[in-house]
Amino acid sequence: MASKDPFQVSGRWRSLAIPLVFAAAVMIVGTMGVVDPLRDQATADDLRSAIVSDFYRIEHAALAYARDNGEYPAAAFNLSDGYDGGLASRTSAPARHQKTWSGPYLAPLPSRPTPQAFWSLAEPQSLRDADGDGQRDELWTRLNRGNGEVDDETAAWLDRSLDDGRADAGKVRVTPTWIWFELAEH
Ligand SMILES: [Ca+2]
Ligand SMILES: [Ca+2]
């Protein structure tokens, strides 16, 4: 005689239920252990390609500015918040560049790669001095790392991809606060 207990799982259903529970468990574990890291990796890749893209845009703009005006653009502490050093608007360029300025060279300005990170155009430097003249004749852009939002792995990847992988040498330099990228020396 068949059981009347409505909660009793018959043998046939048990044989289906166990694989189903197992499959559900696999999906949950998969979601927790596999899918999230993949999404994190996609986000990390997006950040890296956005930074590389911004770097090339800034480099292209700064070199075009220097070619037209014979000098580097003015330093701009925070390109991402609209201080453009003359790269975007003529009125920001020095008076001596007003006639030769033929920008905008950088439009739009680079947005913040992360909520707190931002791009900056530094004062002329003598960090690398490849030409050995001891002058502050290098133009560098630098990315403020936004209190670690641009993490050490990303910074190391940028140095490996664009330079020599050494934080304190070459054309990309990594400090806890900034990632420096050399644009020109002359
Ligand atoms: Ca030099
Ligand atoms: Ca380096």
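Tutor: One definition is needed for what follows: axes are lines fitted to C-alpha atoms, for helices over the stretch in contact, and angles run from 0 to 180 degrees between N-to-C directions. Please keep in mind throughout that this is a predicted model.

Student: At about what angle to S3 does helix H2 run?
Tutor: Helix H2 comprises residues 152-162 and lies across both S3 and S4. Because the angles are taken between N-to-C directions and can reach 180 degrees, the value carries the sense of direction as well. For H2 against S3, the angle is about 160°.

Student: In what order do the strands of the open sheet lie?
Tutor: Strand S2 (residues 138-144) is joined to strand S4 (residues 178-185) by 7 bridges, and strand S3 (residues 172-174) is joined to S4 by 3 bridges. The edge strands, each pairing on one side only, are S1 (118-121) and S3. The sheet therefore has 4 strands with antiparallel pairing, in the order S1-S2-S4-S3.

Student: Which residue in S4 is the bridge partner of Val172?
Tutor: S3 and S4 run antiparallel, and a hairpin of 3 residues connects them. On the other pairing, between S2 and S4, Arg142 has Trp180 as its bridge partner, while Glu138 has Glu185. For Val172, the bridge partner in S4 is Phe181.

Student: Why do the buried residues of H2 line one face of the helix?
Tutor: An α-helix has 3.6 residues a turn, so residues three or four places apart point the same way. In H2 the buried residues are Thr154, Ala155, Leu158 and Asp159, whereas Asp152, Glu153, Arg160 and Ser161 on the other side are exposed. Seen down the axis of H2, the buried residues line one face because they fall within an arc of 135°.

Student: Which element supplies the largest share of the largest nonpolar core?
Tutor: This core has 31 residues, of which Ala61, Ala62, Leu106, Ile179 and Phe181 touch the most other members. Leaving aside residues up to four places away in sequence, Ile179 has contacts that include Ala155, Leu158, Val172 and Val174. At least two core residues come from each of H1 (11-69), S1, S2, H2, S3 and S4. The largest share, 6 residues, comes from H1.

How values were computed. Residues are numbered from 1 along each chain as its sequence is written. Chains are lettered from A and ligands numbered from 1 in the order in which they are written. This is a predicted model: local features need pLDDT of at least 70, side-chain atom pairs count only at pLDDT 80 or more; totals for chains, interfaces and linings use all residues. Two strands pair if DSSP finds at least two bridges between them. Two residues are in contact if their C-beta atoms, placed from the backbone, lie within 7 Å. A nonpolar core is a set of buried Ala, Val, Leu, Ile, Met, Phe, Trp, Tyr and Cys residues joined through C-beta atoms within 7 Å. A residue is buried if 20 or more other C-beta atoms lie within 10 Å of its own, exposed if 12 or fewer, and partly exposed in between; C-beta atoms are placed from the backbone. The arc is that of the directions from the helix axis to the C-beta atoms.
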